[in-house]
Amino acid sequence: MTEQRAVLAGGCFWGMQDLIRKLPGVNRTRVGYTGGDVPNATYRNHGTHAEGIEIWFDPSTIAYRDLLEFFFQIHDPTTVNRQGNDMGMSYRSAIYYVDEDQKQMALDTIADVNASGLWPGKVVTEVEPVGDFWEAEPEHQDYLERIPNGYTCHFPRQGWVLPKRDAAE
């Protein structure tokens, strides 16, 4: 089995991990800090890092494009540095690509989301090359599995689903 890596940021990492880990083809996830300026980032000292999720997935079961579409459904990619009540750079929307194929897929998906008119505004998601990913502390890993009624601002928005693509696309 070949695995691929994806790194996404869309606000509070607990809610993203809880939803994304349940997708068929997602083998494992971990939450952490990425896209910023502090080495060995921690919850108390993460500088300009975003709260992110590292995803290892089987591309023969789930395509990177499908991960991105789900990502855009479970958070609001149209708000700058904000998800729900969470505000600040830590809660920005970002895609950290691992190669040029992921970069192009991210740009294409954003263009399709914008063209759809289904979201409340234009996408402000950053698209940047992946850098260091600093694993969050143990109490942040699998948080909503351990505390099922814990805080989250992530949920599937039924109206934010792109039309099915032609298999040739």
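My entries on the chain and its cysteines follow.

**Ground rules.** I'm working from a predicted model, where local features need pLDDT of at least 70, side-chain atom pairs count only at pLDDT 80 or more, and totals for chains, interfaces and linings use all residues. Residues are numbered from 1 along each chain as its sequence is written, and side-chain values use heavy atoms, with hydrogens and water left out.

**Fold.** I looked up the elements, which are DSSP runs: helices (H or I, at least four residues) and strands (E, at least two), numbered from the N terminus. The protein chain has 4 helices and 8 strands. From the N terminus, I read their order as β-α-β-β-α-β-β-β-α-β-β-α.

**Overall dimensions.** I get a box of roughly 45 × 40 × 30 Å for the C-alpha atoms, along the principal axes.

Of the 169 residues, 50% are buried (under 20% relative accessible area, 1.4 Å probe, protein chains only). I also checked contacts (heavy atoms within 4.5 Å): among those between residues at least 6 apart in sequence, 76% join residues at least 24 apart.

**Cysteines.** How many disulfides does the structure hold? I find 0, a disulfide being a pair of cysteine sulfur atoms within 2.5 Å. C12 counts as buried because its relative accessibility is 5%. C153 counts as buried too, at 12%.
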